[in-house]
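Okay, thanks for coming, everyone.

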Amino acid sequence: MKFAVKKALSSSGARVGVLEVGSCPAPIETPALLLATRKGLPHFISPELLPSLPSPDSNLLQVSPLHFLEGLSTTTISKIGGLHQMLGLKQHGIAAVPRDSIQCLPESKAATRLGASFETPCGRLLIKPKDYIEMISCMKPNIWASLADEVPAWVSEKRNKTSVDRTLRWLDDCISLYPAAGSIFGAIVGGTSLEERKRCAEEVAKRNVSGYWIGGFGLGEGIDERPALLREVMDILPDEKPRLTCGLGLPEEILQGIAAGIDLFDSTYIYSLTLGGFALTFSLDKSGEQHNLQSDQIGSDSTKINLRATAYRKDMSPILENCTCYTCQNHTKAYINHLLNVHEMLAQTLLEIHNTHHYLRFFHVIRGAIQDGSFEEFRQAFLESRREHFKGEAIST
Amino acid sequence: MRNSIAIAVPLRLRPNISNTLPHHKFRPTCFHSHEGHTISCVPYSAPQTKPMALHFEILGRFNRARAAQLTLPHFVCQTPLFMPVGTQGTIKGLTNNELERIGCQIILGNTYHLALRPTSELLEEAGGLHNFMNWPRAMLTDSGGFQMVSLLHLADITEEGVTFQSPVDGKPMLLTPEESIQIQNRIGADIIMALDDVVKTTITGPRIEEAMYRTLRWIDRCIAAHKRPHDQNLFGIVQGGLDPELRDICVKGLVDRNLPGYAIGGLAGGEDKDSFWRVVAQCTAALPEDKPRYVMGVGYPLDIVVCSALGADMYDCVYPTRTARFGTALIPEGVLKLKHRAMADDTRPIDPTCPCMVCKNYTRAYIHCLVTKDAMGSQLLSYHNLYYMMRLSRNLHTSIVEGRFPKFVCDFLQTMFPKGDVPEWVCNAMEVAGIDISSCCAPFPSCQEKYSSDEIGTNDIHMELRLTHTRSVVVY
């Protein structure tokens, strides 16, 4: 894996970078989105349709090794040759992170000094560094996060401090057990304590890692608490190594993370939207302005539409007129509305395609704004016009 | 606007059918004696020049089996062919471009479901189901009758039609032949099915006769109600249970109406296999050569091979996609149950001989960890299973055209029954089809001698064999 910062803004921590990973067909520009997966493949998008998404933007996937505990032994994965071989995704970059924010959630109450605990569909699992490393060495991802003890925002100071101690110790275990690794990203935790965040970042920065995985977010802290915590960490980390985070999924959170200097994001936003029958429609205008697209439609705001609404029963237009995704090029809102009504899986497939495509384009526009030096203006315009719109919606309904 | 992967084809005949009908289809309304006098103008009945929206050209044969080109308004198909069932306007989990990629030529939509949601009126407004789901190739809709009878507790059949309780609000409703055809006219499929009085083959007694005659009376009502004979083909359905006489009457009655194509209905409902193939054989022998024959609800790959040998052309069944959702893959040896523990560390593809995307990229072990738990598992297995069916259809067509159909059948049976235990009903059917499968039927394939039916009574060997129609195989 190779990473280089191409342009960094002085006004904020935002930067544009280039990531070369495994056998991705082309270098990937950052800030970038990692696609969420279940057992390695997208939830609904078939491998045949993955190439229809923007490339190489869509070539980065986040995979949780814990998903495979449900029915696939590490020896078998090894025999097959690792994740890329097993998933038929030889031209994709895979980042292995235990937490997937959907079904594999850190359970801080059950973690011990021996390992981290996760709630999974298989029940509560205790993952020890040794077991984790065995999974990683069989799976051979391009990037992997070290094992972390993530805690929610409301734990005691003592518990928070313990989580940092454990995370650091497990990082050392990971490094010593698998030194010739694919690229290890050192995990940084510390909850909502500025001191602990700083301490963890300092310690991790001393280790020989290829990048940083910033965990512990999206676990109960307020969105306003985050900037200070992020800054505390970013100020310490070297600029030239990539930063990956987990749990910042909404557009506002993505912008917040990018402003702080995060390069790679996973997001469960797309999955949640898709399950709910929503399609993203927010404006991808370079200025960041959010124009009122379809605010008069019932069941929508101008950022997304809910295709279950009866308003779309006879709507023979695509979700977004200028969208080049497979869904908008081939199908209408009426058809998706029908599929949702009759509980057909194709609805989720089509929505996941469109939402992923739209979010990837969002990242593309953000990168453009950073290149132009207009990121801060973009962010302000985006947040304010979106806030205005939500306010308007709240008052009118 | 929508012009990337799937191209919506406007509803018109492609090619221009009326110009390409062979001349012998048209009879003169007047004829002259050899002296040149006009004898009389006997108006031949209208059916002789009935408009048809299809063209059926046989490209190759082996005894009763035929390979043909079936030209429909939306697509030119090769038969024998299998139609995946897209009940509610989608083949579960697969996109149109995946369906095209695997070679799907024609899909089936269920009128009953579509009439409920999104309703035939909405489909008509959308320009037909083709437009609504953006499927560029051919489509067939059934009449809705079968679903009603099988899905609804209180459905009842009278001379008027099928009475039932609306699943939406419980109101009593009636589906008449006229209504069924009207709904199908609005949906706009290339082939539409007549409303028939379908009775399970496991039922005996006068009900079967009643149903058969009613089907004949209803076909006339369907024909009269059909508003789009120029771009939608109305197929009649042969009923009559397992009674050869009733079947014969029904066939004759339908053939008299000179329909574009015929279906053999009332089968695939639990009757024994021996009765099943005999009815198919009888009907294919009696139905006209130059029109397509569609065996409804079939089915298992073995059944399709047998019926094709007997002269059928078209098939539909939910089996490949339904069994995929339960974790079962179709393979040449039979089926593979991916849920089975043994699959958890099997790193082979589902079918090493299959060139589909799933077999080229994924192992049994990986699919095993997905099936029945994750949507992607169903998707991948449905993809493979439908690919298998399309490949089977293509192989049937090509092997007949290339004059190697008997070899194809033998190879197929040998792979599925490596011990030589081909079910008796298959042997009997193949005998009638005139295909020599003795090389597949030796009980011990290591045995070098070939048994002829003279030396050892073929029936004796077959009596020992299982009467199964499909095999469960977990291949280690």
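Let's start at Leu87(A), which is found in helix 2 of chain A, residues 83–87; helices here are DSSP runs of H or I with at least four residues, strands are runs of E with at least two, and both are numbered from the N terminus. Before I go on, this is a predicted model, so local features need pLDDT of at least 70 and side-chain atom pairs count only at pLDDT 80 or more, while totals for chains, interfaces and linings use all residues. Residues are numbered from 1 along each chain as its sequence is written, chains are lettered from A and ligands numbered from 1 in the order in which they are written, and side-chain values use heavy atoms, with hydrogens and water left out.

Back to Leu87(A): is this residue buried or exposed? At 0% relative accessibility, Leu87(A) counts as buried, where buried means under 20% relative accessible area, exposed means over 50%, and partly exposed is in between, with a 1.4 Å probe and protein chains only. Leaving aside neighbours within four places in sequence, Leu87(A) is in contact with Lys39(A), Gly40(A), Leu41(A) and Ile94(A), and also with Tyr362(B) and Tyr366(B). Contact here means heavy atoms within 4.5 Å. Leu87(A) and Pro106(A) are 19 residues apart in sequence, and their C-alphas are 25 Å apart in space.

On to the rings. Over all chains, the structure holds 16 aromatic pairs. For a pair, rings of Phe, Tyr and Trp (its six-membered ring) need centres within 6.5 Å; planes under 30 degrees apart are stacked, over 60 edge-to-face, and the rest tilted. One of the pairs is Phe276(B) with Trp425(B), edge-to-face, at 6.3 Å centre to centre and 75° between the planes. That pair links distant parts of the chain, with Phe276(B) in helix 10 (residues 273–286) and Trp425(B) in helix 17 (residues 424–433) of chain B, 149 residues apart. Phe276(B) is buried at 1% relative accessibility, and Trp425(B) is buried at 2%.

Now the two tyrosines that Leu87(A) touches. Tyr362(B) and Tyr366(B) have ring centres 5.8 Å apart and planes at 25°, so this pair is stacked. Tyr362(B) is buried, with a relative accessible area of 2%, and Tyr366(B) is buried at 0%.

Over in chain A, ring pairs link Phe265(A), Tyr269(A), Phe282(A), Tyr359(A), Phe362(A), Phe363(A), Phe378(A) and Phe382(A) into a cluster. There are lysines over rings too: Lys304(A) lies over the face of Phe278(A), 5.7 Å from the ring centre, and Lys273(B) lies over the face of Trp425(B), at 5.8 Å. To count, NZ of Lys or CZ of Arg has to be within 6 Å of the ring centre and within 35 degrees of the ring normal.

Next, the annotated sites in chain B. Where does UniProt place the feature "binding site"? The unreviewed entry puts it at Cys354(B), Cys356(B), Cys359(B) and His384(B). They are spread over 31 residues of sequence but cluster in space, with a largest C-alpha distance of 8.6 Å. UniProt positions are in the numbering used here, feature names are shortened, and annotations may be inferred rather than shown by experiment. Cys354(B) sits in the loop between strand 18 (334–337) and helix 13 (357–361) of chain B, and is buried at 1% relative accessibility. Cys356(B) is in the loop between strand 18 and helix 13 as well, and is also buried, at 1%. Beyond neighbours within four places in sequence, Cys356(B) is in contact with Tyr383(B), His384(B) and Tyr387(B).

The unreviewed UniProt entry also has an "active site" at Asp142(B) and Asp316(B). Those two cluster in space despite being spread over 175 residues of sequence, with a largest C-alpha distance of 10.7 Å. Asp142(B) is in the loop between strand 8 (138–141) and helix 6 (145–151) of chain B, whereas Asp316(B) is in strand 16 (residues 314–317). Asp142(B) is buried, with a relative accessible area of 10%, and Asp316(B) is buried at 10%.

Last stop, helix 7 of chain A, residues 251–260. Nine of its 10 residues are buried, so helix 7 of chain A is largely enclosed by the rest of the structure.
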